[in-house]
Amino acid sequence: MADTIGKEDRKVSEPWDVPELIPVRMLNEFTYCPRLFYLEWVQGEFEDNADTREGRFQHRTVDRERERVERDPETSEAGMIRTTSVLMSAPEEGLIARMDLVEFDGHTAVPVDYKRGRVPDIPGGAWEPERVQLCAQGLILRENGYNAKYGVLYYVESRTRVDVPFDDELIHRTRSLVQELRKTAARGQIPPPLQDSPKCPRCSLVGICLPDEVNYLAQRVAAADRIRRLTPPRDDRVPVYVQEQGAYVRKSGDRLQVTKDGETLADMRLLDVMELNLFGNVQVSTQTVRELCQRDIPIAYYSYGGWLSGITVGMGHKNVELRLHQYGVATDPVARLDIAREIVAGKIQNCRTFLRRNHTDPPKAALDELKRLRNKARRASSLDALLGIEGAAARVYFSHFAGMLREPWDWDFTGRNRRPPRDPVNALLSFCYALLTKDALAAVLKAGFDPFLGVYHSVRYGRPALALDLQEEFRPLIADSVTVSVLNNGEIKEQDFVRRAAGVALTEKGRRKVLEAYERRVDTSVTHPVFGYSLTYRRVMAVQARLLARRMLGEIPKYVPFVTR
């Protein structure tokens, strides 16, 4: 069967620039799931899981590029030579590939692709994405002058070779998929998620894709009970906080070490580190910074008193498409107000719930007023009006905040104040808000946003406005909750504060207690009110950042804030 797809068909008159050469691995992803391909190649998303890590381990031998080809001592064919990690391109086909292994015999070449796992129990012993990927490698070899009639899939677990012939039907299918891939990339619109697909649970990008959640919010499925919990409820890694003044953080092999004056204060695997938080005069080696950047582990810098000064990340997220949409939303008054109203309404709702649950004698008038202001926020006609509504709600909420404190000594709390906090309760709130800002900032950076361009908080030099937007609905749920709990449980005492001029701050010992309480809170599991599954608060914040991205990309009609009942 003749195939007429040629180079001229690759020209796309769309605004998105598609490279001339398509990586064959991306063709595999596109055949498996067009949305996965788009997330990984167009938007630059990637997330490791156990399967991807094991796959790299299985490829460790063939991934090493060798300077010369070597004869295989096990083959009976004296002319056969094999070489690993072969990089080759085919401009006419528009393809490029780094092939795991190629067996050469004169002008004949057989590509061999390594697959972890066992041979699938299906006709032909190979799934379509693998067959297409192998055929694309064969087309590349053909364009470079080799006779490639078939390829081999080698399944590592079962140690079995499966031959895949490059017949006319497979070649036509491969070339057609290349064209579909180009059109999808050029269109600049992410494909919809698969619906209730068995492919999703083991996909490493499922927490980014959120297939069931997006389908539900986009009204493609009818009931929330169809939503599977595909995202792990918690991250097994832990944040590292270094408060010891004069401490030094260094990398030793695959371990992170904290030392001072020759003594090792902490030693842990880098695999177990979620983030590194440095308070005051703590030094970190250049090698450590570089390694953490490569591993996508953020480093947060605080003043000695706990003020968040900045954050170090790697080269930055590649999702330019999301940032372009973010800029579009931020400059569109209607779209910006639509999201901001939901953010503020969600915050007021959570403040009301927290006050109702924790006040010794819940004030009905205040609860009614917060309910009225929540409803009013959803109808606000402008951002200025929304700011006024939020301010009114904050005054009502904090005027009754002291009623949630049960400690016998006088906290002298009459309302919110800061810069500097003038009483112990405000010192606690400010410190917890700084920690929450760090987590919200990490979430929006991970999602691919520009953290300095918000929809509710206005742009101000050096202020992570979008991170502040995201944290609004979590203020009462996390920061206020930690403040009330450490006071009511007696974890924090008067001696854990120090007064300086007009301000009050936590001591180093006091901060350590609050950090422990904060980590307990963000690691607490909570049932998502919309999706019905349980996640930790830290995971919920990451999910909300992804949903905000889906709203800005136009995949879902509204941003739905996280609110507790």
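Leu210 counts as buried because its relative accessibility is 0%, below the 20% cut-off for that class. This residue belongs to the loop between H6 and helix H7 (211-217). The model described here is a predicted one.

**Residues with positive phi**
- Leu210 is not a glycine, yet its phi is positive, at about 50 degrees.
- Asp296, also not a glycine, has a positive phi of about 60 degrees.
- The loop that holds Asp296 runs between helix H8 (286-294) and strand E14 (299-302).
- Asp296 counts as partly exposed because its relative accessibility is 42%, and that class lies between 20% and 50%.

**Cavities**
- The model has two cavities of 30 Å³ or more.
- The largest cavity holds about 120 Å³ of space.
- Its lining consists of 13 residues, and those nearest the centre of the largest cavity are Cys33, Leu36, Cys200, Cys203 and Cys209.
- Helix H2 (34-42) and helix H6 (206-209) are the elements that give two or more residues to this lining.
- H2 gives the most to the lining of the largest cavity, namely three residues.

**Helix H4**
- Helix H4 covers residues 128-143, and its 16 residues should span 22 Å at 1.5 Å a residue; the end C-alpha atoms are 22 Å apart, so the two values agree.
- H4 is largely enclosed by the rest of the structure, because 12 of its 16 residues are buried.
- Among the buried residues of H4 are Pro129, Val132, Leu134, Cys135, Leu139 and Ile140.
- The buried residues of H4 also include Glu130, Gln133 and Gln137.

**Helix H17**
- Helix H17 (residues 537-552) has 16 residues and should span 22 Å at 1.5 Å a residue; its end C-alpha atoms lie 23 Å apart, which agrees.
- H17 is mostly covered, with 14 of its 16 residues buried.

**A nonpolar surface patch**
- Val320, Leu324 and Tyr327 make a nonpolar surface patch of about 260 Å².
- Val320 is located in helix H9 (residues 320-330).
- Val320 counts as partly exposed because its relative accessibility is 45%.

Technical notes. Residues are numbered from 1 along each chain as its sequence is written. This is a predicted model: local features need pLDDT of at least 70, side-chain atom pairs count only at pLDDT 80 or more; totals for chains, interfaces and linings use all residues. Side-chain values use heavy atoms; hydrogens and water are left out. Helices (H or I, at least four residues) and strands (E, at least two) are DSSP runs, numbered from the N terminus. The expected span of a helix is 1.5 Å times one less than its number of residues. Buried means under 20% relative accessible area, exposed over 50%, partly exposed in between (1.4 Å probe, protein chains only). Patches are made of residues with over 30% relative accessible area and no salt bridge: like charges are joined within 9 Å, nonpolar side chains (Val, Leu, Ile, Met, Phe, Trp, Tyr) within 5 Å. Accessible areas come from the Shrake-Rupley method with a 1.4 Å probe; for residues, only the protein chains shown count as cover. A salt bridge is a side-chain nitrogen of Lys or Arg within 4 Å of a carboxyl oxygen of Asp or Glu. On a 1 Å grid over the protein atoms alone, a cavity is a set of points where a 1.4 Å probe fits but cannot get out, and a pocket is an open set with protein on both sides within 12 Å along at least five of seven lines; lining residues have an atom within 4 Å of a point. Grid points are joined across faces, edges and corners, and a volume is the space filled by probe spheres set on the points.
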